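Me: I'm new to reading structures and would like to go through one step by step. Could we do it as a chat?

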Amino acid sequence: MRRGSIASLLGIGIVSGGIAAAVALAIPWLPVSASKEAGRIDFVFWFVVTICIVIFAVVAAAILYSVVVFRAAPDDLSDGPPIHGHTGLEIAWTIVPTILVTAIGIVSAIVLSQDDAVAKNAMNVNVTAQQFTWTFSYPEAHGLTSATLMLPRGRETVLHMQSRDVIHAFFVPEFRENQDIVPGLTTTLNVTPTRDGTYPVICNELCGLGHSTMRSAAVVMEPAAFDKWIKSQTKAVTSPSAATAGAAVFKNNGCAACHTLNAAQATGKVGPDLDKLPAYAQQAKQPLASFVRTSITDPNAYIQPGYPKNVMPQTFGKAIPKQQLDALVTYLINSSK
Amino acid sequence: MTAATLDPHEHQLTPAGGKGVVRRLLLGPGFIRAGWMFCLFGAIGFGLVVGFRWWGGWHPLFDMTPITLVSLLVAGPLGFLAGIGAFDYWTRYAIGSPTRPEDHSGHGARSWRDYFRVNTDHKVIGVQYLVTTIFFFIAGGFLAMLVRVQLARPGSHFFDPQTYNGLFSVHASLMIFLFVIPAFAGLANFVVPLMLGAPDMAFPRLNALSFWLLPIAGIMMLSSFVVPGGAFACGWTGYAPLCSSHQPLGAIFFNQGVQWAGASSIMTALNFLVTIITMRAPGLTFWRMPLLVWANFTTSLLVVIATPFIAGSQFFSMFDHVMHTAFFDPNNGGYPLGYQHIFWFYSHPAVYIMMLPGFGIMSEVISVFSRKPIFGYRLMALSLMAIVVLGFSVWAHHMFTSGMSSWLRVPMMVTTLLIAVPTGIKIFSWLATIWEGKLHFNTPMLFALGFLSMFVIGGLSGVMLGAVPIDIHVTDTYFIVAHLHYVLFGGSVFTIFAGIYYWFPKMTGRMYDERLGKLHFWLTFVGFNLTFFPMHLLGTEGMPRRVADYAPKFADLNMFISLASFGLGASVLVFLYNMITSWKNGPIAPANPWRALTLEWQVSSPPPIFNFDEIPQVVGSPYEYGVPGAQHAILAPSPSHEVEEVATP
């Protein structure tokens, strides 16, 4: 190989590597990083991307150089040199990639063990996924539930996740974390939020027809603001006033996603309009109070014409504590009158 | 068309009179008999189900799910196969009636009609495979266009969720089970026996049967759109319990379609294994086999070992759906992750089933069009074997975030990353093969170089996904969609196109139009990159796959991708036009237009009906370009093809 050809090969390699590096750097590939785990995952990402760019540059340079330099004239019927192999080269391109992938494997395994380690003061949140809603509850705050995931900044949180029907997945791109939620299992995920803000919670495993609507939000806030939120919510749901408690239960269980209720400024259109509850009860020929309660705990018992069966989760009866359920029923009756 | 001339055995079905004609049409093998036998077997299936339900006193008597399964998806297709004549010889043998002496009337093609019957000629079957798979490629591509219509703008409602989820599910199933896997089987069917110096495959009747299973599988998957309740809508992975207990009737069309395609795949693979092991020409040792033969040998090992696993997973899933068993129902002791383990134990090796034959095509094309021996031949063959072995130890990298035992992640990551090593060896060896060669940029070579560059991108994004922390972020996002299309389109489909252009002269006896071929390549190459490269970005930014709607911030990129994908779709029209017009009117092809050394190019284009007048004697490597006086094989001079046509009485 002549010196000139080595120089031009190197040149093409540097140019194609440079273009690939420019693409990697100029485009904002990753969303903002909002968790400690995200920082480590981003490190692995850029570590591997760097190796990939180098390999890509080598291959691109070899192809481009060959295409330009070794092009044969159409009437050139001669053959190339009969080179059958080169043991040294073959050993080199076995060993070097082995070393590179081993390095990637070691870095990944270290990051994985760091992300899997659970801090002693970690907070627990129970996550319940079902077609097509999310519910988050806080066992350390007497089972307070919420339709959005509220998290204090800087504190490691362990999500204990369960599914009521099919496989779902919890995904927050800003946390860089994905975890499937499998019926029959409790899967866990550790998150240590580092940046205040509201981020999308996405169901990332095809879970049925409403899959693309199964979204919620993760709100990261100051620890003090979080404690304040916990207190106000606990106070609200345990409030002796059915109006306050019921409104909080209605909001926390995500009813507004599917139902319309003026009192709660809810405008969902998937399920029946709750402002018309008295009329529905009449059609069902049941007393209003027991009709409302049954419709929550056993939604398939009576299906309002025009709405499909099996859409509303059949598990609220178990999920909502009795005292809160009473408040919710009273709230709905009073609001729809 | 193979051996269009010189056939002393014109169809000997001399119609004696009007009655004989009707009798032959109704009772002779063909589409008419296939039609009524389909109905007959379907009716028997219907009767069995209803009869048993009546006998057992079950209600309702007419339950659509088991009736559809038994009558339409199992018994009917068997009737079709019996009617078309796939079982005729074996049936006669089994019932003890005298088997007809083989007069080879089911061999070769004399007119286009011969492609529509059970034909035992591997060359005819190869063409049948390719035309059928290209049909399903176009159908699957059309579904992808519809997916892109829906995704062009956020919040659009071109399709209801059931239809939309069905579109991408059927798209993937057709592309995988009815295009990539069988298209390679088709190319190999045509080429492998020729490369071995063999007159046909080891089991020609089995070969014919394995082809006829394919249209059944394809029509089953496509027709699920018209089933009440809609097509199966749980993705081609069919994860339980969504697919096993929350789906309309269409789900069992997927379960059963996979069974028919899988059975076809297993039969073909067995056939290849026996053919390659036992029917090599004298002198054709394993270390002298062309790498395409090596590739199909290793692929067939994968198919035979792995495919029964997906068959198992689909049976269990279907039992849960139809018979209310609880393999994957956690409320009754089932284990949903069990489905994924069994499914991926096939479906990861399936990625190599869709790659290795393409590697084989690459080695042939790159060596011939670089006019150089393949670099590091033995290491190339050994790395195929390494991929087979390692390929069985990486399946759980599809499940890093699935909730499986967490200790399993690191070992699976290590094997996944290590599989990049034999793959890298192949890429570097191809680069070394073109180095200092005399490169001729005919269409097959363009697609080969396109493959080389695109597959590197797909391979590198695969290394990224192999690293667990990165996978935890981008799994199930558009990054996966980008990666798998770089591997399966930039990888497999490019090699299929390379193979079709490369062997087109041998298959049809005519040359394709080089200018249109190059146009097709450039449209595909550019359209492919514009469509799939931006998907990496969508994925890392957090757009999930398999959604009918997405956040408004992804709107511009999605519109761009949709427009590019329509261009990519249009490029297929150039390919089709070129194939059809060239097959009809292209210039007559010489026996060896590419000056290649392998055996298939040493016979006429198209090859004679039994391939070789005399079994060739192999004397050296198939890649000795540039070695003065080197020969791969010595062939007897071929005076005429009539000689070997003497039928055994």
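What follows is a set of questions and answers about this predicted model.

Me: Is chain A spread out or a compact globule, and what is its radius of gyration?

Reply: Chain A has nine helices and 12 strands. For its 337 residues the globule rule gives 20 Å, and the value for chain A is well over that, so the chain is more spread out than a compact globule. Its C-alpha trace spans about 95 × 50 × 35 Å along the principal axes. The radius of gyration is 29 Å.

Me: What share of the contacts in chain A joins residues 24 or more positions apart?

Reply: We're looking at contacts with a separation of 6 or more. Of these, the share from residues 24 or more positions apart in chain A is 66%.

Me: Now the five-stranded sheet in chain A. Which strands stand at its edges?

Reply: This open sheet has mixed pairing and the order β3-β2-β1-β5-β8. On average, neighbouring strands are turned by 25 degrees against each other, direction ignored. An edge strand here has a single partner, so one side of it is left without a neighbour in the sheet; in chain A that goes for β3 (144–146) and β8 (187–191).

Me: Which residue is the bridge partner of A:S137?

Reply: Strand β2 of chain A covers residues 133–138. It runs antiparallel to β3(A), and three bridges join the two. In β3(A), the partner of A:S137 is A:T145.

Me: Over to chain B. Which helix gives the largest share of the side of domain 1 that touches domain 2?

Reply: Chain B is assigned domain 1 (23–94) and domain 2 (120–585), with 32 Å between their centres. Each of the two domains puts 12 residues into the contact. On the domain 1 side, 10 residues come from one helix, residues 64–84 of chain B, and that is α3.

Me: And how many residues on that side of domain 1 of chain B are nonpolar?

Reply: That side has no charged residues and two polar ones. The nonpolar count is 10.

Definitions and conventions. Residues numbered from 1 in each chain as written. Chains lettered and ligands numbered in written order. Predicted model: local features only at pLDDT ≥ 70, side-chain atom pairs only at ≥ 80, totals over all residues. Helix = DSSP H or I, 4+ residues; strand = E, 2+ residues; numbered from the N terminus. Rg over C-alpha atoms; globule rule 2.2 N^0.38 Å. Contact = placed C-beta atoms within 7 Å. Pairing = 2+ DSSP bridges. Axes fitted to C-alpha atoms, helices over the stretch in contact; angles between N-to-C directions. Domains from an automatic or database assignment. Nonpolar A, V, L, I, M, F, W, Y, C, P; charged D, E, K, R; others polar.
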